[in-house]
Amino acid sequence: MRSGSGCAGFCKRSTQLKHSPAFLIVLLGFLLLAPWDRAYGSDQASVVIRVKGSDTLTKALKEFSYAYQKTSPHLRVEVTGGGTGNGIAALINGHVEIASASRPMRSREIQLLTKKHIGKSAIAHVVALDAVSVVVHASNPVNGLSLHQLMQIYGKNDHEARWSDFGVKVPGCPDQKITPLSRKNNSGTYVFFRQAILSKHEHFDSQLVSTDGSDTLIGKVAQTPCAIGYAGMAFITGQVKTLCIAKSPGANAPCVPPTAASTLDKSYPLSRSLYLYTLGEPQGEVKQFLDWVKGPEAREILLHTGYVPLP
């Protein structure tokens, strides 16, 4: 009898609770969140491949990530830029599975990696080819320069380079003084360009105007008649003029434009490879992703975004 009366009291309170506004709000919240958990709960358990580094490669890598996730919904590829140097540092410190780079790793970086991860080494995977394109304002009459002339513009010199030194007069540039624009020193494009035009122990002029990214650099060149700059070919727009580049000075030296063909046969002096680095030979999901990156779907993405796929 006591048990029955106790149940009756409890059931009565339970019935009252079920009809209370607070209970209904909690129940509604649970019902709304339940499908969200079912749809996205697997995201917490999904495999995440972290890729960090080259701003030059970021555009293609984000397209890779979007396309690859359609075929592998359980996996997420997180892509961030920040420059080749930062990407390699993140790989050394174990913060990412892949470092993207627009230059080869330096010997010092390789030594740091092998010291921190004994028994492992950095493995380079070439994923595309690129031409570092030299650009000027659309109104600039110059059509080409040599590597030596680029050294005169970007290197440390007693004489400030002027467009008149190269036989042209640029409209809208009153004193004809050249404004050289550059990427920052954590950029792989910065390192590659410097090594291509300067001797081993030479450095860029300290008065260079540095930009955060290639898109920003191209935009500034488009608005500055006196300017010159450089960027990967995927970032070039119709707002700037692209120059042909001669490997050696002299009127008879061939001046080669940055095209897919001249990048493939390396006749363009500023052609280069683009890399993805892993810590040791890739395994599991990372290997599958890199295999896909070397396949036909990724090749089409490279063509679409302005890079040169491997032959």
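Colleague: Let's start with charges over rings: which ring face does R272 lie over, and at what distance from the ring centre?

Modeller: Please keep in mind that this is a predicted model. In it, R272 lies over the face of F192, at 5.6 Å from the ring centre.

Colleague: OK, on to cysteines. How many disulfides does the structure hold?

Modeller: The structure holds two disulfides, and with the bonded cysteines counted along the chain they follow the pattern 1-2, 3-4. In one of them C173 is joined to C226, with the sulfur atoms 2.0 Å apart, and this pair links distant parts of the chain, 53 residues apart. C173 sits in the loop between α6 and β6, while C226 sits in the loop between α8 and β8.

Colleague: Are C173 and C226 buried or exposed? And why is that disulfide called right-handed?

Modeller: Both C173 and C226 are buried. As for the handedness, the torsion about the S-S bond of C173 and C226 is about 120 degrees, so the disulfide is right-handed.

Colleague: And what about C244 and C255, how far apart are their sulfur atoms?

Modeller: The sulfur atoms of C244 and C255 are 2.1 Å apart in their disulfide, and this link is right-handed too, with 100 degrees about the S-S bond. C244 belongs to strand β10 and C255 to strand β11, 11 residues apart. C244 counts as buried because its relative accessible area is 18%, which is under the 20% cut-off, whereas C255 has 34% and is therefore partly exposed.

Colleague: You mentioned β10 and β11. What sheet are they in?

Modeller: They belong to an open sheet of three strands, in the order β5-β10-β11, and the pairing is mixed. The edge strands are β5 and β11, each of which pairs on one side only. β5 and β10 run parallel and are joined by three bridges, and S146 stands opposite A246 in β10.

Colleague: Switching to aromatics, how many aromatic pairs turn up in the whole structure?

Modeller: A search of the whole structure finds 12 aromatic pairs. One of them is Y190 with F204, an edge-to-face pair at 5.1 Å centre to centre, with 90 degrees between the planes. Y190 lies in helix α7 and F204 in the loop between α7 and β7, 14 residues apart, so that the pair links distant parts of the chain.

Colleague: Y154 is new to me. Which residues of α6 are buried?

Modeller: The buried residues of α6 are L147, L150, M151, I153 and Y154. They lie on the same side of α6, because they cover an arc of only 165 degrees around the axis.

Colleague: What covers those buried residues of α6?

Modeller: The cover includes the strands β4, β5, β6, β8 and β10, together with helix α7.

Note on methods: Residues are numbered from 1 along each chain as its sequence is written. This is a predicted model: local features need pLDDT of at least 70, side-chain atom pairs count only at pLDDT 80 or more; totals for chains, interfaces and linings use all residues. Side-chain values use heavy atoms; hydrogens and water are left out. A disulfide is a pair of cysteine sulfur atoms within 2.5 Å. Helices (H or I, at least four residues) and strands (E, at least two) are DSSP runs, numbered from the N terminus. Buried means under 20% relative accessible area, exposed over 50%, partly exposed in between (1.4 Å probe, protein chains only). Rings of Phe, Tyr and Trp (its six-membered ring) pair if their centres lie within 6.5 Å; planes under 30 degrees apart count as stacked, over 60 as edge-to-face and the rest as tilted. A charge sits over a ring if NZ of Lys or CZ of Arg is within 6 Å of the ring centre and within 35 degrees of the ring normal. The arc is that of the directions from the helix axis to the C-beta atoms. Contact means heavy atoms within 4.5 Å. Two strands pair if DSSP finds at least two bridges between them.
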